[in-house]
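Welcome! Take a moment to look over the sequence and the 3D view, and then let us walk through them together.

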Amino acid sequence: MDSREIGRILKGLVREGTVSAVDEKRAMVRVKFKSEDMTSGWLYVLQHQRAQVHIEPDGGHTHRISDSYTGGGSARAVADHSHNGSYLEAWLPRVNEKVLCLYLPVFNGDGFVLGGIV
């Protein structure tokens, strides 16, 4: 493999683009790459361990919810119970938002959205 081929492969690894479509159910997006005048296939959006957690209050008690990943804890001890209506919210970019994508360095390799660009 010559240096031009290596340069071409490296150039395609990381790409900046604009979201053109969002599939919320699959947590995937399509991205338009202006520099290449092309639109990607469906790309997975990488998530992180500190995604937003929503707790629906049930009127029976109150306490703060934190995850052990960040070193937090609850405001007071509460017996085992559940919060119906609680859910984890995945982050998805919106249409027309700029994103940074990473592609695997193989022919027609899968790509991923790493995050948004502010």
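## Starting at Arg 15

A polar atom of the Arg 15 side chain lies 3.1 Å from the backbone oxygen of Gly 12. This is a polar contact (a pair of N or O atoms within 3.5 Å; within protein, one must be able to donate a hydrogen and the other to accept it, and residues adjacent in sequence count only if both atoms are side-chain atoms).

Is Arg 15 buried or exposed? Arg 15 counts as buried because its relative accessibility is 18%; buried means under 20% relative accessible area, exposed over 50%, and partly exposed in between (1.4 Å probe, protein chains only). Leaving out residues up to four places away in sequence, Arg 15 touches Phe 33, Glu 36, Met 38, Val 99, Leu 100, Cys 101 and Tyr 103.

## About the model

This is a predicted model, in which local features need pLDDT of at least 70 and side-chain atom pairs count only at pLDDT 80 or more, while totals for chains, interfaces and linings use all residues. Residues are numbered from 1 along each chain as its sequence is written, and side-chain values use heavy atoms, leaving out hydrogens and water.

## The overall layout

The protein chain has one helix and eight strands; these are DSSP runs numbered from the N terminus (helices are H or I, at least four residues; strands are E, at least two). Along the sequence, the pattern reads α-β-β-β-β-β-β-β-β. Of the 118 residues, 19% count as buried.

Helix H1 covers residues 3-11, and the count of buried residues among its nine residues is zero.

## Inside the protein

Which residues make up the largest nonpolar core? Its 11 residues are Val 19, Val 29, Val 31, Phe 33, Leu 43, Val 45, Leu 92, Val 99, Cys 101, Tyr 103 and Val 113. At least two residues of this core come from each of strand E2 (28-33), strand E4 (43-45) and strand E7 (98-103). A nonpolar core is a set of buried Ala, Val, Leu, Ile, Met, Phe, Trp, Tyr and Cys residues joined through side-chain atoms within 4.5 Å.

Val 19 has contacts (heavy atoms within 4.5 Å) that include Val 29, Val 31 and Val 99, leaving aside neighbours within four places in sequence.

## Back to the strand

Arg 15 lies in strand E1. Val 14 also lies in strand E1, which spans residues 14-23. Val 14 is partly exposed, because its relative accessible area is 45%.
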